[in-house]
Amino acid sequence: MGSPKKDQNKGFFSAMTSGLSLFGNAMHRSVNGLLGYEGVEVINPEGGKEDAEEEAHRGRWKQEKRESYWKMMHKYIGSDVTSMVTLPVLIFEPMTMLQKIAELMEYSYLLDQADECEDPYLRLVYASSWAISVYHAYQRTWKPFNPIIGETYEMVNHGGITFISEQVSHHPPMSAGHAENEHFTYDVTSKLKTKFLGNSLDVYPVGRTRVTLKRDGVVLDLVPPPTKVNNLIFGRTWVDSPGEMIMTNLTTGDKVVLYFQPCGWFGAGRYEVDGYVYNAAEEPKILMTGKWNESMSYQPCDMEGEPLQGTELKEVWHVADTPKNDKFQFTYFAHKINSFDTAPKKLLASDSRLRPDRFALEKGDLSKAGSEKSRLEERQRAEKRTREGKGHQFTPRWFDLTDEISATPWGDLEIYSFNGKYTEHRATVDSSDSIDEVDMASIEFNPWQYGNLSTE
């Protein structure tokens, strides 16, 4: 864990930001001419520059597949490859992007605590720790499936939450999500943007995340850091998120600014997060420190950012135990998300759990997963041709496109809002006594029966 006493002379803030000087060293360990491929960058997060060539021969790819994949992908260097490239299921995990959104809810009790907290600064400690907590799960190096347009994911039976997400656009790929319990509402519009760099991928979280705490009506806005996926083809794939996370209380102007330290040589600084909670006058009130894959702690501080005399560092979040030797590095909560234990009564046929390619991959059948993925993608293209031939547009079922355009550090974003129809739908279903028990696994995946796909 990072320590607030890193440098007594320079103060916590100066010592914290000095770690950024490692960024250039860690991110430029190129192996030029590696195996005949110019400009391939290979990074060993546990080593130095001299370890890069040895690292290049490691990883999940066999040599012949690695070379074949490189030949297919090198023409896309510098491009956004979010949805333009068909990728082999070998690199996928049995989960979709809609389910990845739901992974933010694992430690939702932190938002409950934020809602119950009367201290405005400690409230931001709880809420920002919630935002950080998901990064332990996001370090998985497998790619989730892109959702089919109209696909959904529902979740109940966790922290009193009702959760719904929906794929609201195919080009560009966009998702919207809504979660709610007695303490908070959560709303997100997500449109990931990527840049393929040969052996790495920059992921920019173009999106808007808002949390409303119900007791006082406080609205929190979250801007996360970008993510870099290293060693996609050559070497062992690993993930880093160097940069700044900002959570702002839009009601009061208070905010928390946290710095995700980049990985330096021999792992220096990897996972470390440090920063402060500031009041509306931008005066530091609480320092925060920890590792995004382990825990976060906080301590009151003075105007110089130094710990207050007579106070101590207190842990606010600690990562839960995880399964040992899990094939996809899933957490217990990720397995829960994939199960029908968190599914509501009368699950929508558009739910991600029902995707045949996802299910086949979960069972270890890569051949069937690949063929089912191709079949779904072709059906989606056919549905689009039919829709466009009739002059129709797709309209999401549970979210509405608004006139609002939100500016993000990585581009403008069209905002989708939760329209409340899902709440009405669930109330009707849950109050009905006439619903027969069904084997949810037997429901045929069909996102095309929802939304305005074939009619005006």
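Predicted model: local features only at pLDDT ≥ 70, side-chain atom pairs only at ≥ 80, totals over all residues.
Buried here means under 20% relative accessible area. Strand 6 pairs with strand 5 and with strand 9, as tabulated below.

| Strand pair | Sense | Bridges | Residues standing opposite |
|---|---|---|---|
| Strand 5 (residues 174–180) and strand 6 | antiparallel | 6 bridges | Glu-180 and Thr-185 |
| Strand 6 and strand 9 (residues 207–213) | antiparallel | 7 bridges | Val-188 and Thr-209 |

The link between strand 5 and strand 6 is a hairpin of 3 residues.

Strand 6 and strand 9 also take part in covering the buried residues of helix 6, as do helix 7 (120–133) and strand 18 (314–318). Helix 6 covers residues 109–116, and its buried residues are Leu-110, Leu-111, Asp-112, Ala-114 and Asp-115. An α-helix has 3.6 residues a turn, so residues three or four places apart point the same way.

The largest nonpolar core holds 80 residues, of which Met-105, Trp-130, Phe-163, Tyr-186 and Met-247 touch the most other members. Helix 7 is the element that gives the most to this core, contributing 8 residues. Leaving aside residues up to four places away in sequence, Trp-130 touches Leu-104, Met-105, Tyr-107, Ser-108, Leu-110, Leu-111, Tyr-186, Val-211 and Met-247.

Definitions and conventions: Residues numbered from 1 in each chain as written. Heavy atoms only, no water. Pairing = 2+ DSSP bridges. Helix = DSSP H or I, 4+ residues; strand = E, 2+ residues; numbered from the N terminus. Buried < 20%, exposed > 50% of the residue type's maximum accessible area, 1.4 Å probe, protein only. Contact = heavy atoms within 4.5 Å. Core = buried A, V, L, I, M, F, W, Y, C linked by side-chain atoms within 4.5 Å.
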